[in-house]
Amino acid sequence: TATAPALRAGARPVFVHNGLSLILANKNDLQLEWQAPKGLPIMNYELRVGDDDDAGPMIHGWTIGTATAPAANSWTSKIENRPLDITRLTVSIETGASLPAFNLLANSYYRFKIRAQNENGWGPFSGIQSFSLAEAPNPAASLRYLSSTEKTLAVQWDEPPATGIPIVRYEVEWQDLTSNSEIYKITTSPAFKTASPSLPLTTGSSYSFRVSGCTINECSAFTNKTVLVAGSKPEAPSAPSIKASTINDITLTWSYVGKYNGGVALTHYNVKYWDGSDYVHAGSTSDASTHAFLFPGCSAAQQTWYLRVSAVSPVGEGPLSP
């Protein structure tokens, strides 16, 4: 009579759904890492890969022994067993070139899955994960103020220079610096290069923002932090008037009575003059209590000057006066 195979107490090995972690990626190599499933000692792993076109089974792969290097003709440049039963594998274009009918290409996507074998047999494959042989993404560009109110702040940024594969999402971290709050994260589609916290903000408080762009492989380094203050930009002062004038200078004065500072105290005023194509900065007052300015730009009597004033707070500069 036939004898049933001996089995040891314990289940076959099961990977978590996303069993693989990307350690390194560039145009030549992918370095993948996985944690050994719990239970009986692992005898072998099987890693499979296919084109990321959802067409047909992943027929290309290799079996990796826990104590030996992978079999020949397996795309493998290095394998190493790391502490806590973590195994790391480098998949290389150079070694992959010898595999019949399947060569890894830079900036192309590939689907991976893995399973393990113990004394009781092979366990199921992990979920399918996609990676690409591509360089890490560049940081997003020009993170800056977009808009604000007393309870909101919005930032915007520019798309980073491409590195071969597209950005699939942006991650924005923000924090209330005044209260030293926890760090919050906003995730946006690559079609939207703007973000605004969904929580109501505190008028006058300072908030830091930084953004990272992510590909299917990994996220870029974060941008430097941009610090902004919650509040509306201040209203424009009244139209300036001439308090005094000479051949060489004009003394302006204005009022801010009845105007709204946006919820945040003003810091100073800016004075600008028309240079023929735009209003150019002429100078600033020392603080917001000063409502006069000596404009020394006059070079000839009876010359006409067009001068306007704007209010400034920690939120930013408001519009020019009439």
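**Entry 1: Asn270**

I started with the side chain of Asn270, which makes a polar contact with the side chain of Glu317 at 3.3 Å. For a polar contact I took a pair of N or O atoms within 3.5 Å, where within protein one must be able to donate a hydrogen and the other to accept it, and residues adjacent in sequence count only if both atoms are side-chain atoms. This is a predicted model, in which local features need pLDDT of at least 70, side-chain atom pairs count only at pLDDT 80 or more, and totals for chains, interfaces and linings use all residues. Residues are numbered from 1 along each chain as its sequence is written, and side-chain values use heavy atoms, with hydrogens and water left out.

I found a polar contact from the Asn270 side chain to the side chain of Ser284 too, at 2.6 Å. Asn270 sits in strand β19, residues 268–274; strands here are DSSP runs (E, at least two residues), numbered from the N terminus. Is Asn270 buried or exposed? Asn270 counts as buried because its relative accessibility is 9%, and buried means under 20% relative accessible area (1.4 Å probe, protein chains only).

I then listed contacts (heavy atoms within 4.5 Å). Leaving aside neighbours within four places in sequence, the partners of Asn270 include His281, Arg308, Val309 and Val312.

**Entry 2: a sheet elsewhere**

I looked up an open, antiparallel sheet of three strands, ordered β10-β11-β14. Its edge strands, β10 (141–148) and β14 (194–195), each pair on one side only. Strand β11 (residues 153–158) pairs with β14 over two bridges; at least two found by DSSP are needed for pairing. Val155 has Ala195 in β14 as its bridge partner.

Notes: Helices (H or I, at least four residues) and strands (E, at least two) are DSSP runs, numbered from the N terminus. Buried means under 20% relative accessible area, exposed over 50%, partly exposed in between (1.4 Å probe, protein chains only).
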